[in-house]
Structures are given as structure tokens and as C-alpha cells.
Amino acid sequence: MAKVEDERAFFSEAWIEPPQKPQKKAVAEEKPHYHGHRDRLRERFVAGGPDALPDYELLELLLFRLIPRVDTKPIAKALIARFGSLAEVLGAPASLLEEVKGIGPAVATDLKVIAATAQRMARGEVRGREVLSNWTQLLDYCRSAMAFENREQFRILFLDKKNGLIADEVQQTGTVDHTPVYPREVVKRALELSASAVILVHNHPSGDPTPSRADIEMTKQIIDTAKPLGIAVHDHIIIGRKGNASMKGLLLI
């Protein structure tokens, strides 16, 4: 009997785990306020296309992926306020983009990659085609490539006998208001590419595309140098933030 009593005493003193209180279900983490905004913005884009969104909202859509856990609306508005438009944001140097709060080196680089992709697409629209019959696409390409550069660039579009684009080259890059251009070098390169014609293009970082007297004189020198060799100069286009100017359209050449 003693043995039985001892066993009973042992089990009576053994620790018994108290019943656990049922735990309350964890409260679902509340989503940041901008999540719903992002969904609505995407829906508007899908339903109405890019024209349904102003520049800052289209820029927001780009920043959603680049800055995933931040409200990007203030950043997009700050970029537009600083540079003026979506095109100017994408055309701005990375160093200036980084001056806007919320834009670091990685995001600035990603925006420049997007800009380069857009330029590549625009160039693909005109390469190998008869550019004179696709003038609007040509101007769109030149604008995307040059309008927002902070230094002057002198670009040459080399054309074959059917006015198809053979090559597109930046021959010179200058200062904020001047680019040295050498007519003999322009003609020499045209001969190397067996081009029958060229279209000259340069930008005015000031934004005003009005041709200067120096622009006109330089164009006439290139025409005089190229003509005896059978190379036509179809036009000289000046690109600015505020638009573009055609010297041929202005009857300057």
C-alpha cells in the first residue's frame, strides 16, 4: 500500500500545465494609404491609356516600380515642378535628378535607362524608312534625343537615294550656346557612308529654336561644300524645349 500511496503522492505533486488562454487573432497589418491610390491609377491607365493621365501621374506609375514602399506622388510632383514636364524629367542629367528629395543614384539611373529605351524606340521608327514622308516621327525622335540636353549637339542624319536613314550620328558636342561645325568633315563622313543626302540637326539648350545668323551661315557653307559632290542638304532642323524650327520651312536655305 505504501508504494501505491507514494506513487499517488508523486503524481499529485507533479507539475500540471495550466490550460492556455485562447490567443486573439493577430490584427491584419494596415496597408499604407497610397496602395489604393496606386491600384486606382493603374486602372485609369489600363482603361484610358497614357493620355488619360497628366505627366506627374504617368511619372508616378514609373516610380511605383523604382521606389516600391514609398508614396511617390510627392516625388513625381517635385520632379515635374523642377524640370517642367515628363519629357524634361527623363531628359535631365542624372546629377540634377538626384537633387530632388527621394531620388537617389539608383533611381536616377533607372530613369535614364527608361529615357534611353524611349529614344531607341523612336529611332527604330525612322531607321530604314523614307524619312521625308515620316517627318513627324523624325521630329519626335530628334526631340527625344536632343531637346533636353544641357549642351549643344550637332547631329547628322545620313540618307540613301530613296531618303532612307543610313546612319544617325552626333558629330560634335559643344557648349551651352555653341558647337563647332566643319563643313568638310560633314561631307567627308557622307562620302564614307555613300550617303546621297543629309539632314542637319542641332539643339538650342536655351529652349528657343530660332536660327541664329551663325546657324544660317554655317548651313550655307555645308550646302556649298556638299553640292559639287552630289550630296543634297534637305534641311537644317533646330530643336528646343519650346518647339523646333526648319530652315527650309522658314525659307532660309
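Okay, ground rules before the tour. What we have is a predicted model, where local features need pLDDT of at least 70, side-chain atom pairs count only at pLDDT 80 or more, and totals for chains, interfaces and linings use all residues. Residues are numbered from 1 along each chain as its sequence is written, and side-chain values use heavy atoms, with hydrogens and water left out.

So, the big picture. Of its 253 residues, 37% are buried. Buried here is under 20% relative accessible area, exposed is over 50%, and partly exposed is in between, with a 1.4 Å probe and protein chains only. The accessible surface is about 15,600 Å², and carbon and sulfur atoms own 55% of that. Those areas are Shrake-Rupley with a 1.4 Å probe, and for residues only the protein chains shown count as cover. As for contacts, meaning heavy atoms within 4.5 Å, take the ones with a separation of 6 or more: 59% of them link residues 24 or more positions apart.

Now the cores. A nonpolar core is a set of buried Ala, Val, Leu, Ile, Met, Phe, Trp, Tyr and Cys residues joined through side-chain atoms within 4.5 Å. The largest one has 19 residues, and Leu 59, Leu 63, Leu 79, Leu 97 and Ile 103 have the most contacts inside it. Which helices each supply at least two residues of this core? Helix 3 (55-66), helix 4 (73-83), helix 5 (86-91) and helix 7 (105-126) do. Helix 4 gives the most, with five residues. If you click on Leu 97 and skip its neighbours within four places in sequence, you'll find contacts including Leu 79, Phe 83, Val 89 and Ile 103. Apart from this core lies another one, of 18 residues, among them Ala 147, Leu 157, Leu 159 and Val 201.

Let's move to the strands. Val 198 sits in strand 3 (residues 197-203), and at 2% relative accessibility it counts as buried. Beyond four places in sequence, Val 198 touches residues including Ile 156, Leu 157, Phe 158, Val 233 and Asp 235. Its C-alpha atom is 9.9 Å from that of Ile 223, 25 residues away along the chain.

That brings us to Asp 235, in strand 4 (residues 232-240). A salt bridge needs a side-chain nitrogen of Lys or Arg within 4 Å of a carboxyl oxygen of Asp or Glu. The backbone is another story: the Asp 235 side chain reaches the backbone nitrogen of Met 247 at 3.3 Å, and the backbone nitrogen of Lys 248 lies 3.0 Å from a polar atom of that side chain. Leaving out neighbours within four places, Asp 235 also contacts residues including Trp 135, Leu 200 and Ile 253.

Last stop, the charged pairs. Side chains of opposite charge can pair when their charged atoms come close. Searching the whole structure gives seven salt bridges. Arg 82 pairs with Glu 99, closest N and O atoms 2.8 Å apart. Arg 82 is in helix 4 and Glu 99 in the loop between helix 6 (94-97) and helix 7, so the pair ties together parts 17 residues apart in sequence. Arg 82 is partly exposed at 39%, while Glu 99 is exposed at 51%.

Then there's Glu 169 with Arg 189, closest N and O atoms 2.6 Å apart. Glu 169 belongs to strand 2 (residues 165-173) and Arg 189 to helix 9 (residues 183-192), so this pair ties together parts 20 residues apart in sequence. Arg 189 forms a salt bridge with Glu 192 too, at 3.0 Å between the closest N and O atoms. Those two are three residues apart in helix 9, about one helical turn. Shared partners join Glu 169, Arg 189 and Glu 192 into one network.

Conventions: Helices (H or I, at least four residues) and strands (E, at least two) are DSSP runs, numbered from the N terminus. A polar contact is a pair of N or O atoms within 3.5 Å; within protein, one must be able to donate a hydrogen and the other to accept it, and residues adjacent in sequence count only if both atoms are side-chain atoms.
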